[in-house]
Amino acid sequence: MAPLILTACLNSPPQNMGNSCEIFEQKGGWYKDAHKSYKKWGVPIHVQLAIIYQESRFENSAKPPRTKILWVIPWKRPSSAYGYGQVLDGTWSRYRKSTGRRWADRDDFDDVVDFI
């Protein structure tokens, strides 16, 4: 039971999403990951955070809301978007293939900032 509780805490969004310093204080390795991506691709850290905030509000398992049948019954999702960057299945597959990062996940911060 304890590992499940700890995992839930680790994947929760930052408490103050409007302050990057507080985000990096709360989420230990995120600055290192974002800085590594900046060095590799040149995308400024604040831009990476802005994209993730806009796409998922820092929710690692974010998905688009399901459509409904007769306004009540949950149905399909409008797209396969998932994770911090709300990346589609096909796009993520091409990213993994083109970068050789076959184990990259859309719900891992370090993988998503590299994608961005």
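Twelve residues make up the largest nonpolar core here: Ile23, Phe24, Trp30, Ala34, Ile45, Leu49, Ile52, Phe58, Tyr84, Phe109, Val112 and Val113. A nonpolar core is a set of buried Ala, Val, Leu, Ile, Met, Phe, Trp, Tyr and Cys residues joined through side-chain atoms within 4.5 Å, and buried means under 20% relative accessible area, exposed over 50% (1.4 Å probe, protein chains only). Helices H2, H3, H4 and H6 each give two or more residues to this core; helices are DSSP runs of H or I, at least four residues, numbered from the N terminus.

Keep in mind that this is a predicted model, where local features need pLDDT of at least 70, side-chain atom pairs count only at pLDDT 80 or more, and totals for chains, interfaces and linings use all residues. Residues are numbered from 1 along each chain as its sequence is written, and side-chain values use heavy atoms, leaving out hydrogens and water.

Now take a look at H4. Its buried residues are Ile45, Gln48, Leu49, Ile52 and Ser56.

Rings of Phe, Tyr and Trp (its six-membered ring) pair if their centres lie within 6.5 Å; planes under 30 degrees apart are stacked, over 60 edge-to-face, the rest tilted.

| Pair | Type | Centre to centre | Between planes |
|---|---|---|---|
| Trp30 and Tyr84 | edge-to-face | 5.7 Å | 90° |
| Trp30 and Phe109 | stacked | 4.0 Å | 5° |

Trp30 lies in H3 and Phe109 in H6, so their pair ties together parts 79 residues apart in sequence.
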